[in-house]
Amino acid sequence: MSESGNRVLEHKENILKTTSSMNKNTQAQFNLSISNGVTINYRSNQLENIEHHNDTSLTVTVYNDFKKGSASTNNLSFDSIKQTLDKATNIAINTQKDNCQGLPRESFTTCESQDIGIYYPKQFEIDEATELTKICESAGFEYDKRISNSEGSSYSQSNSECLILNSQGMYGHFKSTDYSLSCVMLAGDNQAMERDYWYSSTRKHENLESPQEIGKKASSRAISRLNAKTISSRVCPIIFPAEVATSFFNNFLSAINGHAIYKKSSFLLDKLGSEIFPEFITIREDPSIVEGMGTRPFDSDGVLTERKNIINKGILETYLLDTYSARKLNLNCTGNGVLTNILVESSEEQTDNLINLVDEGVIITEMMGSGANLLTGDYSRGAFGYYFKDGQIKYPVTGITVASNLTQMFKNILHVGKDYDIRGNIRTGSILIDKVTIGGT
Amino acid sequence: MITKIKNILSEHDLTDDKLSKLLSVSCPKGIDFSDIYFEYSASESWSIEDGIVKNGTSIIDSGVGIRSITADKTGFAYSNTFEFSDLRRAAQMSRSIAPFNGEKEFKPGSDIDYKKLYEAGSPLDRIDDLKKVIFLKEMDDYIRSKNSDVEQVIINLAASHTSMFVVNSDGERASDERPLVRFNVMVIIKKGDRRERGSAGGGGRFYYDQIFDQNFSRKFADEAVRQARVNLEAINSKAGSITVVLGPGWPGVLLHEAIGHGLEGDFNRKQTSAYSGCVGQKVASSDCTIVDDGTLSNRRGSLSIDDEASPTECTTLIENGILKGYMQDKLNARLMSTKSTGNGRRESYAHLPMPRMTNTFMMPGAFEPSEIISSVKNGIYAANFSGGQVDITNGQFVFTASEAYLIEDGKVTKPIKGMTLIGNGPDVLKKVSMVGNDLKLDDGVGTCGKDGQSVPVGVGQPTLKIDEITVGGTEV
């Protein structure tokens, strides 16, 4: 679990050496990622799996007279890097000219190495990790008699390094760590069995949620799913809890990605400056949050990431543009060859009890299938959830679909709760959306 | 043995004796089973967009995965270098799942015999890169010249060639070379303010020649355009419970989700599947016979031999509605006192094998497809799907139609959009009331994800009628 910084410097030397024989008109970019870690799974009161991970990937992108080629390898010997560069160069002989191709021309990284608050390495201790997962699964089993089985508790930790170099002298490097602890519990018997999970995911081992809490939450979620009914089809308000709302906002972020826009494959085409969300919603990007799961100093082309408003008081202020899509659209690059931390904010007073805000509706705790069409905004997905009325959860509902159009769903958001989920790069509270079609019996 | 792996072994002086020595490290006393999996994989993709072949990508990935099993516990480590010292270190990490009680000795294994289902060569090197670029240009021209209203055309061409070699502590060894090619077309057509997409594609375990045959590729190009045009006319669908007729071929993804995953050995050994302990029971209507067949020549989901050195088989999962058996890999078969069915697959050397599907499909029934449609007074005809998902524990599955129509008075009428089907596997299969005589397998573009691992698969089915299932839509 300790890849030394010196290894990366050695790779850097090798890479630079390969470029010495490169044609003058050729530009090259090298993206290297190295990660190693361990995942263990503890199930039915014993350690079930230990998996040691150790991954390397070097991608070489070559631009020759506006023609592009790329090649990857997992072998970092000098010969292999040279062969990969040659392969990319050969591909670029056959691809076609596109004036928007090429290395970034401005605001790229030249940092040797920097501490951005996402690297907290820790020696892997098998006994400690086993103990964590054991406590987690036991807490799950002890939670309730109706817990009948388990898919186990998993712990994983990994160290990653990311290096970028290009033939114009760009150099960037950063390290990060990831820790996670999860638990999957089953409730009920063969006649009606339900499964649910909970997890914690952090940059720092010490910040993981307590194993007892994770086990209990997994069990409580599995039990609350038992005896689900279907409901009749209707149009009603729905609540996406924070962890489901993240994937909902992800649809929005995909639809304003520069690649979707220049390909004209987004329902948010030509919507810059338009009102997409209600006025009380602002969506920001902040690439430099300490311990943030999306924190990154530069994007996949080495362009510096930037803090900005994406939605300001409901209005779309920018697309998410990398070097290529920005040139295609004749706009400025926003450093969005990656998506960093996204914060969904509300200017209204936020509550954590959204079911009190409307008479009745459905809390959607799980979405299934891939029914969000980003070209048209049509939205139709399978769901599991809980019917609520008069401020109380009445019963679990299964076998339902949720359908609407994303354009309307964005406008129909009534409230953003204050129960923020920070386990991923999109940070949002639960959201309440009016007038969504539930398909049932 | 195959050239690529042979070269790697000899370059690193990995003789039979050294391999046996490695097994002694990964499979000491106290470990029941161990295998060492070598892999060298080369893949590439080419794409055209905006009428320009913008990029080509080549990926080389190679390494060795070592696994040690004791009872139901598994240790696993891998190396992307082939030095003996690195492999020994991986073997030590792998065996750490159990306490070390002294070494066992191994002799070189013997090769497992199997039937080859596809050519061994690499699709990548058999044709000049320039020809791949010209093919994409020609396909793009073909679509644009025939359809002036096409706004975007994206065509992808991809191929891979994987060489594998596995040796295990049971004295078995096997190697295989696996070609795979795939071709996809996506078009966007604009009409007034509305934009819709259509896509189609095909592929399998063969070379580019087949794709470059215009009769093969133009069919998919025309199909993508046709689908986009249908979607431009599609109206909002109604939500609720209704009779649905599924078209032949790719809609078999329903079987993959609704029942396939639930019959994988690992879930049943752990008793976490809705089908756990159901062998011999009636789980579907008597019209349903479903198999998983990895032995079909040149199919995307086929394998001559699986990643654990077990030749693939045609496994009957459900026969006339009765559950016959599960799909097994070595670990789960041993723990359930049965034999591997040749379904032990892994995404790569860096992933653990699991029971996975190959080509899963329903056998044909007696009805003409037209008879099935005309038997429905009021319902939906789902001609094609984009994909699906299942919760194997409660059996709940979902999938999304990319092309669907209303059935009114026994006739297919208006196209409908944005439709999701949701149902319960055990429940829905009991509601299959008519099965067509038109079994069709998909065109070879399916990829299945499980536990973060992707593998190529095939699906198929004849036209079939489900009496009642919940469909999503925006109208109530």
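Predicted model: local features only at pLDDT ≥ 70, side-chain atom pairs only at ≥ 80, totals over all residues.
**View 1. Chain B as a whole.**
Chain B holds eleven helices and 25 strands. Its radius of gyration is 24 Å, close to the 23 Å that the globule rule gives for 476 residues, so chain B is as compact as a globular protein of that length. Along the principal axes, the C-alpha atoms of chain B fill a box of roughly 75 × 55 × 35 Å. Of the 476 residues, 57% count as buried. Now look at contacts in chain B with a separation of 6 or more: 76% of them involve residues 24 or more positions apart.

**View 2. Helix α7 of chain B.**
This helix covers residues 253–260 of chain B. How many of the eight residues are buried? Eight of the eight are, so helix α7 is largely enclosed by the rest of the structure. The buried residues of α7(B) are Val253(B), Leu254(B), Leu255(B), His256(B), Glu257(B), Ala258(B), Ile259(B) and Gly260(B).

**View 3. The two domains of chain A.**
Chain A is divided into domain 1, residues 5–224, and domain 2, residues 228–441. Their centres, taken over C-alpha atoms, are separated by 25 Å. In the contact between them, domain 1 of chain A supplies 22 residues and domain 2 of chain A supplies 20 residues.

**View 4. An open sheet in chain A.**
Five strands of chain A form an open sheet with mixed pairing. Their order is β10-β9-β8-β11-β16. The edge strands are β10 (315–316) and β16 (426–427) of chain A, and each pairs on one side only. Inside the sheet order, follow strand β8 (residues 281–285) of chain A to strand β11 (residues 342–346) of chain A: the two run antiparallel and are joined by five bridges. Glu285(A) stands opposite Ile342(A) in β11(A).

**View 5. Leu316 of chain A.**
Leu316(A) sits in strand β10 of chain A. Is Leu316(A) buried or exposed? Leu316(A) has 20 C-beta neighbours inside 10 Å, so Leu316(A) counts as buried. Leaving out residues up to four places away in sequence, Leu316(A) touches Ile256(A), Lys271(A), Leu272(A), Gly273(A), Ser274(A), Ile276(A) and Ile311(A).

**View 6. Where chain A touches chain B.**
Here 58 residues of chain A are in contact with 67 residues of chain B. On the chain A side, the largest share comes from strand β2 (residues 46–64) of chain A, with ten residues. This side of chain A divides into eleven nonpolar, 33 polar and 14 charged residues.

**View 7. Strand pairing between the chains.**
Strand β3 (residues 67–73) of chain A pairs with strand β2 (residues 52–70) of chain B. In which sense do these strands pair? The pairing is parallel, over three bridges. Find Ala71(A) in this view: its bridge partner in β2(B) is Ser58(B).

Conventions
Residues numbered from 1 in each chain as written. Chains lettered and ligands numbered in written order. Helix = DSSP H or I, 4+ residues; strand = E, 2+ residues; numbered from the N terminus. Rg over C-alpha atoms; globule rule 2.2 N^0.38 Å. Buried ≥ 20, exposed ≤ 12 C-beta atoms within 10 Å, placed from the backbone. Contact = placed C-beta atoms within 7 Å. Domains from an automatic or database assignment. Pairing = 2+ DSSP bridges. Nonpolar A, V, L, I, M, F, W, Y, C, P; charged D, E, K, R; others polar.
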